[in-house]
Structures are given as C-alpha cells and as structure tokens.
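Please read the following report with the model open beside you, and find each residue as it is named.

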Amino acid sequence: MTRDDIVGVYRTLGEDTVGADGTVASDNARTAQIMYSPDGYMSVVSMPNGRKLAARTSGGPDLNAATPEERADAANGMVCYAGHYELKDGVLHHHVEMALNPNAVGQTIVRRVELKGTDLTLSSVPAADGSYRRIRWRRV
C-alpha cells in the first residue's frame with residue numbers, strides 16, 4: 001500500500017472496540033470525516049450525534065458568542081486535529097500540528113491501516129489487555 005492508495009475524503013461507517021477475546025462492541029453514534037491529501041497532510045473531525053445547539057452564535061462557525069457552558073458542551077466528545085501523515089509498512093503516523101485538545105499538539109497518533117476497495121479501517125495499537133479501537137470509513 002502506498003500513500004496514493006489512501007488519498008481522499010472518507011466518512012465514518014462506525015467505531016468498534018475489539019476485546020482481547022475477539023468480542024466486538026460497536027458505536028455508531030458519531031459523524032466523522034477524515035481527509036488525506038496527496039502532499040501528505042491530513043485532518044479529521046469527529047462529533048457525537050445529537051449535540052445541542054448554542055443559544056447565541058456569531059453567525060459563523062465559531063462559538064465566540066456562546067456562553068462558557070455552551071462552549072464546553074459543544075466541545076464535549078469532539079475529536080478534531082490536523083497535521084501531516086506518513087505511511088510506513090502499512091501503519092499510518094498522524095503527526096498532530098493543531099488540535100482541539102491542546103495536549104495532542106506535537107504528538108504522533110499511530111494507526112494500523114487496512115484498505116479494501118473504498119473502505120478504510122484504522123485501528124489503534126492494542127492496549128496492554130489486548131483490546132483495541134477501530135474506525136471504519138468509506139471514501140466519498
């Protein structure tokens with residue numbers, strides 16, 4: 001697999017937690033999009049479905065007019081980051097350059113990758129107990 005193989009925009013099909021014993025617990029309560037550019041940049045936005053609307057907005061995509069409580073509620077459960085990526089031996093390395101979570105900036109997120117047709121599966125490195133998370137995507 002090469003970087004050219006994964007270039008594109010994908011929407012989430014769902015997320016799973018896979019136990020060490022192979023049991024699968026699925027979570028489809030999120031909407032997400034991930035993008036990989038030909039020049040090595042990526043971004044992802046993932047949000048829980050059914051978020052409450054803020055009472056006040058500036059009319060744009062920011063939350064500057066929202067109350068502190070509304071901002072916190074809007075950020076709860078959100079995953080947003082962008083940066084550059086590398087594909088090495090079937091493993092993606094997301095080098096985080098900006099993120100909603102400031103602690104993620106400068107980190108590298110490692111994902112095992114599988115591509116079958118238009119379906120992309122990204123899996124975390126297994127935890128100490130052998131369980132891992134995987135996110136299933138489809139190219140749009």
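In which element is the place of Ser 123? Ser 123 has its place in strand 8, a strand being a DSSP run of E of at least two residues and a helix a run of H or I of at least four residues, both numbered from the N terminus. The model is a predicted one, in which local features need pLDDT of at least 70 and side-chain atom pairs count only at pLDDT 80 or more, while totals for chains, interfaces and linings use all residues. Residues are numbered from 1 along each chain as its sequence is written, and side-chain values use heavy atoms, with hydrogens and water left out.

Ser 123 counts as buried because its relative accessibility is 8%, where buried means under 20% relative accessible area, exposed over 50% and partly exposed in between, with a 1.4 Å probe and protein chains only. Residues up to four places away in sequence aside, Ser 123 touches Val 110, Arg 111, Arg 112, Tyr 132, Arg 133 and Arg 134, a contact being heavy atoms within 4.5 Å.

**The whole chain**

The protein has 2 helices and 9 strands, and from the N terminus on its elements follow the order α-β-β-β-β-α-β-β-β-β-β. Its C-alpha atoms fill a box of roughly 45 × 40 × 30 Å along the principal axes. Of its 140 residues, 30% count as buried, and among contacts between residues at least 6 apart in sequence, 46% join residues at least 24 apart.

One such residue to look at is at the end of the chain. Val 140 lies in the segment after strand 9 and is exposed, with a relative accessible area of 65%. The C-alpha atoms of Val 140 and Val 9 are separated by 5.9 Å, although the two residues are 131 residues apart along the chain. Leaving aside neighbours within four places in sequence, Val 140 is in contact with Val 9, Tyr 10 and Arg 11.

**Paired strands**

Two strands pair if DSSP finds at least two bridges between them.

| Strand pair | Bridges | Residues opposite each other |
|---|---|---|
| strand 1 and strand 2 | 4 bridges | Thr 17 and Ala 25 |
| strand 5 and strand 6 | 8 bridges | Gly 83 and Val 96 |

His 93 lies in strand 6 and is buried, with a relative accessible area of 17%. With neighbours within four places in sequence left aside, the contacts of His 93 are His 84, Tyr 85, Glu 86, Lys 88, Thr 108, Ile 109 and Val 110.

**The nonpolar core**

In soluble globular proteins, nonpolar side chains tend to be buried together. A nonpolar core is a set of buried Ala, Val, Leu, Ile, Met, Phe, Trp, Tyr and Cys residues joined through side-chain atoms within 4.5 Å. The largest such core here has 17 residues, and those with the most contacts inside it are Ile 34, Tyr 36, Leu 120, Leu 122 and Trp 137. Two or more residues of this core come from each of strand 3, strand 4, strand 5, strand 6, strand 7 and strand 8, and the largest share, 3 residues, comes from strand 3. Tyr 36 touches, among others beyond four places in sequence, Ile 6, Tyr 85, Leu 92, Leu 120 and Leu 122.

**Two pockets**

On a 1 Å grid over the protein atoms alone, a pocket is an open set of points where a 1.4 Å probe fits, with protein on both sides within 12 Å along at least five of seven lines, and its lining residues have an atom within 4 Å of a point. Grid points are joined across faces, edges and corners, and a volume is the space filled by probe spheres set on the points.

The largest pocket has a volume of about 370 Å³, and of the 17 residues that line it, Arg 51, Lys 52, Leu 63, Ala 74 and Ala 75 are the closest to its centre. Helix 2 (residues 68–75) gives the largest share of this lining, 5 residues. The lining divides into 9 nonpolar, 2 polar and 6 charged residues, where Ala, Val, Leu, Ile, Met, Phe, Trp, Tyr, Cys and Pro count as nonpolar, Asp, Glu, Lys and Arg as charged, and the others, Gly among them, as polar.

The second largest pocket holds about 290 Å³ of space, and among its 16 lining residues Glu 15, Val 79, Tyr 81, Arg 111 and Ile 135 lie nearest its centre.
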